[in-house]
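Reader: I am new to this structure and would like to go through it step by step. Could you begin with a term that I will need?

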Amino acid sequence: MWAQGDVAGNALFKHAGDYETRHVIDNVVDDERRALDLSAMPHAIFTEPQIAGVGVTEDELEAEGREYVVGRAEYADSAMGRAKKLDDGFVKVRAAPDGEILGYHVIGYEASMLVHEAVVAMRVGATVDEVADTIHAVRAGCTDAITEKLVT
Ligand SMILES: Cc1cc2nc3c(=O)[nH]c(=O)nc-3n(C[C@H](O)[C@H](O)[C@H](O)COP(=O)(O)OP(=O)(O)OC[C@H]3O[C@@H](n4cnc5c(N)ncnc54)[C@H](O)[C@@H]3O)c2cc1C
């Protein structure tokens with residue numbers, strides 16, 4: 001018996017259902033037996049402004065009693081933010097002391113797109129330093145939050 005989408009009860013999102021469907025096809029049709037990896041599951045709210053996030057919140061980290069650092073960057077402090085006159089919006093990154101990215105939330109212009117830099121980084125286990133050391137044509141909120149304002 002295979003299930004995909006909301007009925008599987010994992011993450012009730014369209015993209016989660018799509019991901020599970022690909023696995024069902026691979027596993028049932030192509031007999032691959034690939035395991036699901038539902039880590040770094042992003043969510044996005046397509047309001048104006050957009051809101052997006054992945055990973056844990058500060059409240060969740062506090063509840064776990066886990067040590068973490070926070071980086072925060074305002075859109076208005078980035079070159080692109082100034083060029084586009086984005087006065088509102090910010091990015092917040094939470095990381096473990098060793099640099100593991102634990103959570104990322106963004107509210108503002110193109111938030112649903114920006115979140116994916118953090119999603120990929122978390123998925124492959126890239127640390128904040130590795131993301132920050134990656135050359136970006138446009139410095140987006142994720143790297144700004146990581147490199148410029150990481151505080152304990
Ligand atoms: C208001 C709202 C907003 C949402 N916004 C977002 C969003 O912005 N981003 C996001 O990722 N997710 C969003 N979701 C969640 C997303 O819609 C679901 O996670 C996704 O649709 C699940 O897909 P699914 O195929 O599992 O189920 P569904 O899309 O619910 O499809 C199930 C289908 O099965 C049919 N069906 C049910 N019973 C039977 C039966 N007995 N026989 C035959 N057919 C049957 C139904 O009619 C339906 O067509 C939202 C959900 C709601 C309700």
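Author: A polar contact is a pair of N or O atoms within 3.5 Å; within protein, one must be able to donate a hydrogen and the other to accept it, and residues adjacent in sequence count only if both atoms are side-chain atoms. This is a predicted model, in which local features need pLDDT of at least 70 and side-chain atom pairs count only at pLDDT 80 or more, while totals for chains, interfaces and linings use all residues. Residues are numbered from 1 along each chain as its sequence is written, and side-chain values use heavy atoms, with hydrogens and water left out.

Reader: How far is an oxygen atom of the ligand from an N or O atom in the side chain of His-15?

Author: The distance is 3.4 Å. Leu-12 also has a backbone N or O atom 3.4 Å from a ligand oxygen, and Phe-13 has a backbone N or O atom 3.4 Å from a ligand oxygen.

Reader: What share of the ligand does the protein bury?

Author: The protein buries 24% of the 1,000 Å² that the ligand exposes when taken alone; such areas come from the Shrake-Rupley method with a 1.4 Å probe, and for residues only the protein chains shown count as cover.

Reader: Which residues are around the ligand?

Author: They are Gly-5, Asp-6, Leu-12, Phe-13, Lys-14, His-15 and Phe-46, where a residue qualifies if one of its heavy atoms lies within 4 Å of the molecule.

Reader: Changing topic, where is Ser-112, and what does Ser-112 touch?

Author: Ser-112 is in helix 4; helices (H or I, at least four residues) and strands (E, at least two) are DSSP runs numbered from the N terminus. Not counting residues up to four places away in sequence, Ser-112 touches Ala-44, Phe-46, Gln-50 and Ala-52, contact being heavy atoms within 4.5 Å.

Reader: Why does Ser-112 count as buried?

Author: Ser-112 counts as buried because its relative accessibility is 9%. Buried means under 20% relative accessible area, exposed over 50%, and partly exposed in between (1.4 Å probe, protein chains only).

Reader: And Gln-50, where does that residue lie?

Author: Gln-50 lies in the loop between strand 1 (43–45) and strand 2 (51–55), and Gln-50 counts as buried because its relative accessibility is 18%. Its side chain reaches the backbone nitrogen of Ala-111 at 3.3 Å.
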